[in-house]
Amino acid sequence: MTISDLRNAAADSGAVAGSSNGTAPPSTRPKAKRTWRSYSVYAGLALIFAYCLAPFYWMLVSSLRRTADIFDNTLLPAPFSLENYAKVFDGSTMFGQALLNSLIVAGTTTTFALVLGVFAAYAISRLNFRFKSVILGVIIATSMFPGISVVVPLLRLFTDIGWINTYQAMIVPNLSFAIPLAVWNLTTFMKALPFDLEEAAMIDGCTKWQAFRRVLLPLAAPGVFTTAILTFIHSWNEFIIALSMINDPKIQTATVAISKFTGATEFQAPFGEQMAAGVIVTVPLVIMVLIFQRRIVEGLTAGASK
Amino acid sequence: MTTTTAPPAGAQTGTPQPGRPRKRGHRSPGEGRMAAMLLSPTLLVLALVIVYPLLSAVHQSLFRAESGLDADGFVSDVESFVGLANYADLFVGESGRRFLNAFANTTFFTVTTVFLETVLGLCLALAMNRAFRGRSFLRASILVPWAVPTAVSGLLWRWIFQSDGIANNILGSEILWTAEGNASKLAVIIAEVWKTAPFIGLLVLAGMQVIPGEVYEAARIDGAGWWRQLGSITLPLVKPTLLVAVLFRMLDALRMFDLPFVLIGSGKESVETLSMLAWDESNQLRYGSASAFAVMLFLYVAVVAIVFVKVLGADVTGAKELKLLSKKTARKNRIAANQATATADEATADLSNSDQTKTEATR
């Protein structure tokens with residue numbers, strides 16, 4: 001049974017439970033109470049929307065104001081302006097380069113983590129060997145490792161070997177959280193896949209490796225894709241490693257770059273530009289979330305609610 | 001979903017050989033070698049990025065850079081072995097005060113944010129579990145705070161909490177949120193909870209959705225009201241999911257760095273966490289004390305994780321799932337063995353199988 005099967009089953013049963021749960025059977029409750037209840041449910045939902053989206057909306061609105069009326073509190077930008085976006089990309093801040101750097105670092109991290117993760121997850125979910133649960137436990141435990149405990153010693157090491165201000169100085173430490181994430185997600189996905197097909201392939205004369213490559217891998221593709229999205233988002237949002245290892249604006253990633261946007265004086269922080277840059281960094285993620293929301297939720301919850 | 005997603009028992013045993021059922025305890029040497037081959041790159045990289053830094057941090061924390069002028073009048077950095085002096089300094093003097101403050105802040109933030117997130121996340125999940133129209137839209141919007149990079153959310157909330165920003169405007173107050181003081185603590189908590197409560201909500205919702213509807217139906221027939229259903233069905237059944245979610249959030253909150261760093265700034269006493277303190281020290285090139293702070297944070301995280309897993313029994317790795325699986329496999333094997341072997345062999349086969357079950361259990 002795959003996770004989506006489960007979800008559907010759950011949604012079905014949930015629908016049954018909920019339809020009679022939220023609103024009680026008509027015969028026993030007066031109608032007025034029922035509509036009041038459904039109104040309160042909708043009010044609650046509206047509240048959730050507002051809670052989740054209002055701060056983000058405020059960032060978007062502020063980014064579309066002119067510098068002169070950045071302190072306006074109207075809900076829509078009165079004179080609509082792309083001034084801030086133009087400033088972000090005018091070259092003085094190298095923000096375009098920072099976006100490219102983020103893409104390179106997050107992309108490479110994701111690729112490495114996935115390649116290593118697929119093999120490790122296959123071994124854990126399909127092979128029989130000693131210390132299996134110990135190894136899985138160790139891999140998961142490493143994901144709880146505080147980033148700063150990696151950064152401090154590696155900063156020293158990378159200074160010595162001249163890696164400061166290089167991409168690999170970010171990519172290698174990023175693997176410390178990306179690999180556990182990938183291994184764990186992929187293991188959960190592969191465990192959920194039926195073994196029968198591989199078994200059939202092996203009876204037909206495939207070796208284990210062939211069964212893995214020709215049968216399991218295509219089946220696990222959705223899981224691999226979900227893991228890729230999650231790992232990419234995590235690496236894209238990474239901050240402390242990039243902040244510590246890089247001091248050259250040409251190499252720094254977007255999250256670090258926008259945190260360093262400063263105006264002429266401390267009291268004149270360029271909030272408009274910061275908001276515009278924030279929107280630019282976040283929008284690719286929001287689009288990804290909108291398109292792949294089902295997969296992302298699946299991936300996020302697969303780990304925790306096994 | 002432990003029990004429902006378990007693969008068929010055959011998954012654990014590999015190729016069955018006709019006539020002679022393979023026993024679980026028997027591992028072909030090829031399989032072990034293959035596993036070692038497949039796992040070694042991952043373990044090697046993890047050793048490089050986790051184990052090496054940890055050992056190196058412990059090592060560095062025993063040294064201290066003494067910068068002074070050497071005989072020729074140049075600034076020289078000599079590292080000298082100081083034993084546990086860096087750790088002793090955690091509790092005395094100026095650096096001790098700073099450490100204890102950061103420790104208190106980290107603990108305070110972890111407890112308050114995780115508590116609020118859990119309560120809010122539960123409410124979100126309960127509300128979403130009831131919504132049927134627009135659920136996918138709701139799910140997408142709830143992912144937005146999760147997807148916003150923490151650094152960006154720090155900026156965003158700094159803008160909202162400006163002295164002449166929207167927060168003060170709505171509240172009609174003139175609070176200096178982003179300066180020192182309790183207001184800045186509150187600002188960090190609000191921003192953190194905003195970003196992470198939806199995450200808990202999503203996890204809990206997933207846990208709620210696998211509760212079969214019949215359970216609620218039965219409870220309703222027995223006359224249980226909404227609160228009773230919540231307390232006796234929903235909460236106990238989502239507890240395993242919730243425990244894992246809370247554990248992860250706690251470990252994440254303990255290493256909080258980006259948000260206070262961007263929202264309030266580095267070196268602010270009221271929001272300085274252990275991560276920020278260690279970062280600041282390493283930025284000042286005081287690697288010895290920075291490493292000591294990092295090691296302390298690591299120990300703190302490890303202790304919390306161990307206590308959580310041992311005391312509350314959060315099933316993080318799915319270890320329970322594995323155990324359950326091995327039990328099932330053993331039972332299936334025994335049945336197969338009984339069928340395949342002659343009656344005379346039955347007793348011995350059963351015996352060896354139960355032996356294997358035992359070794360499996362002790363492992």
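**Exercise 1. Find how far apart the centres of domain 1 and domain 2 of chain A are.**

Solution. Taken over C-alpha atoms, the two centres are separated by 35 Å. Next, locate the domains: domain 1 of chain A covers 21-63 and domain 2 covers 87-304, with bounds from an automatic or database domain assignment.

Before going on, note that this is a predicted model, where local features need pLDDT of at least 70, side-chain atom pairs count only at pLDDT 80 or more, and totals for chains, interfaces and linings use all residues. Residues are numbered from 1 along each chain as its sequence is written, while chains are lettered from A and ligands numbered from 1 in the order in which they are written.

**Exercise 2. Work out how many residues of domain 1 of chain A are in contact with domain 2 of chain A.**

Solution. Two residues are in contact if their C-beta atoms, placed from the backbone, lie within 7 Å. By this rule, four residues of domain 1 touch six residues of domain 2 in chain A. On the domain 1 side, two are nonpolar (Ala, Val, Leu, Ile, Met, Phe, Trp, Tyr, Cys and Pro), two are polar (the others, Gly among them) and none is charged (Asp, Glu, Lys and Arg).

**Exercise 3. Describe the side of chain A that touches chain B.**

Solution. Start with the count: 98 residues of chain A are in contact with 97 residues of chain B. Helix α12 (residues 271-304) of chain A gives the most to this side, with 16 residues; a helix is a DSSP run of H or I, at least four residues, numbered from the N terminus. Finally, sort the residues on the chain A side: 64 are nonpolar, 25 polar and nine charged.

Notes
Helix = DSSP H or I, 4+ residues; strand = E, 2+ residues; numbered from the N terminus.
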